[in-house]
Amino acid sequence: MIDFFYVAAIVTIWLSIIMTIVTLTGGVIFIFRHMQHTDAEHLPALSRYPKVTIVVPAHNEALVIQDTVQSILRLHYPHDRVELLVYADNCEDATADQVRALMAITEFKDRNFRVIERTGSGGKAGVLNDALKIATGEYIGVYDADAAPETNALYFLIQKVLENPERYAAAFGRNKTRNYQQNFLTRCINLEIVNTQRIQHTGLWQLFKIGRIPGTNFIINKAVVQALGGWNNGALTEDTAISFSLMREGKLIALAHRAEAFQQEPETLFAYYNQRKRWARGNYEVIMENLKHLFDGSAWRIKLEVFYYVCTFFWFNAAITISNGIFVVNIFLGLLQLGIPQIHELVTLGGPLSILFLVNWLLMFYLYLLQINIALASDYGQATITNFLYSIISYFTYAQLFIVVSLAAVGAIIRDKITGTRHTKWYKTQRF
């Protein structure tokens, strides 16, 4: 039986390696096809400039809200085509006052923006649904309170949806870590984000035209959202949920790879753990809700996306947990065998299965370094010796946290199912 689990885990890891190679291939093709850019200082005029309502959900964000709002107000987009709604959502700090202080600055005096002090429920999704009722723009743009967009970000998002407005219901950009040099954790998070943005997102878009709405730095057609009934109130990952809703309607979420925003990442392990646990649980809930689409008449993109999530969060995670567990127990029994010959290992050290596992591990390690360093090489200023060394260390440390967070999220879901009470609540990411 142990051998069966070991073999199943090894086969699963091989399938994951194949999936990684496919995505990496798509990412590399995308990188080479988009190496040449028009000068950001002399961008061509768009065929039209649709009005955009930018929404900033902010819960106790006094530390960062002014930087974000100023960046949005300085976007290179016709000012009369931008409406900005900053929601101070159930705030207990000076978030609203910080925004009002900007209104008195001469540079922003005549701009169309306001702060709304909200006391409702539903979290971020609730804020977006409230904004949906009063937004006057053709598109709704969303920026988290810590995500300051680059000056041309909105231009590139609009440029992308205008390529095919009937199919492209939304467009999303890239997010970069603004505090990545703060400590070891932020440097590792930066590696993860660069890899996700430069390889995974680009690879899936290049090969399959699959995009995913992130939590920030995206625009979405207001009429389409209204037709969907808005965002899922109280959802822990409202972005993943609405991504699936768009795909069910046959719409595409287009990648605007030049639209960049700079966001702050957790600087403590406690903040990181709680943020990622919320994300993991939210993704698990959305996956389970959409699992039925693997077996119904849904479009192939939905099936592929569900399959991708199931492989990543369920199958592969279970395989890694089982194989790691067997490996650790096996090493422990092997050490005991030195003093107590009667004890037998679960899998013979030096045997075919253990050698195959070692080969698998080496392949995974190599692909991990390969995709991260290709991503770093494609991102200005990231291809450094320091980042290369961090990519090696992160595999043995930071990358393993994904397993811990995922298991904790699954445990929380099981607990709530057994007790019939939802204990997990939306966690406010700490700012620094």
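Visitor: Why is Q382 called buried?
Guide: In this predicted model, Q382 has a relative accessibility of 6%. Buried means under 20%, so Q382 counts as buried.

Visitor: Where is Q382 found, and which residues does Q382 touch?
Guide: Q382 lies in the loop between α11 (352-377) and α12 (385-396). Leaving aside residues up to four places away in sequence, Q382 touches Y180, N190, V194, L376 and N387.

Visitor: What makes the link between Q382 and N190 a polar contact?
Guide: The side chains of Q382 and N190 are joined at 3.1 Å. The cut-off for such a pair of N or O atoms is within 3.5 Å, so the pair is called a polar contact.

Visitor: Why is K209 called partly exposed?
Guide: The relative accessible area of K209 is 32%. K209 sits in the loop between α6 (184-208) and β7 (218-221), and has a positive phi of about 55 degrees although it is not a glycine.

Visitor: Is N217 buried or exposed?
Guide: N217 has 0% relative accessibility. The limit for buried is under 20%, so N217 counts as buried. N217 is in the loop between α6 and β7, and its phi is positive, about 65 degrees, although N217 is not a glycine.

Visitor: Why is helix α8 described as largely enclosed by the rest of the structure?
Guide: Of the 11 residues of α8 (residues 238-248), 10 are buried, so the helix is largely enclosed. Among the buried residues are E238, T240, F244 and M247. G250, which follows α8, has a positive phi near 80 degrees.

Methods:
Residues numbered from 1 in each chain as written. Predicted model: local features only at pLDDT ≥ 70, side-chain atom pairs only at ≥ 80, totals over all residues. Heavy atoms only, no water. Buried < 20%, exposed > 50% of the residue type's maximum accessible area, 1.4 Å probe, protein only. Helix = DSSP H or I, 4+ residues; strand = E, 2+ residues; numbered from the N terminus. Polar contact = N/O pair within 3.5 Å; in protein donor to acceptor, adjacent residues only side chain to side chain. Contact = heavy atoms within 4.5 Å.
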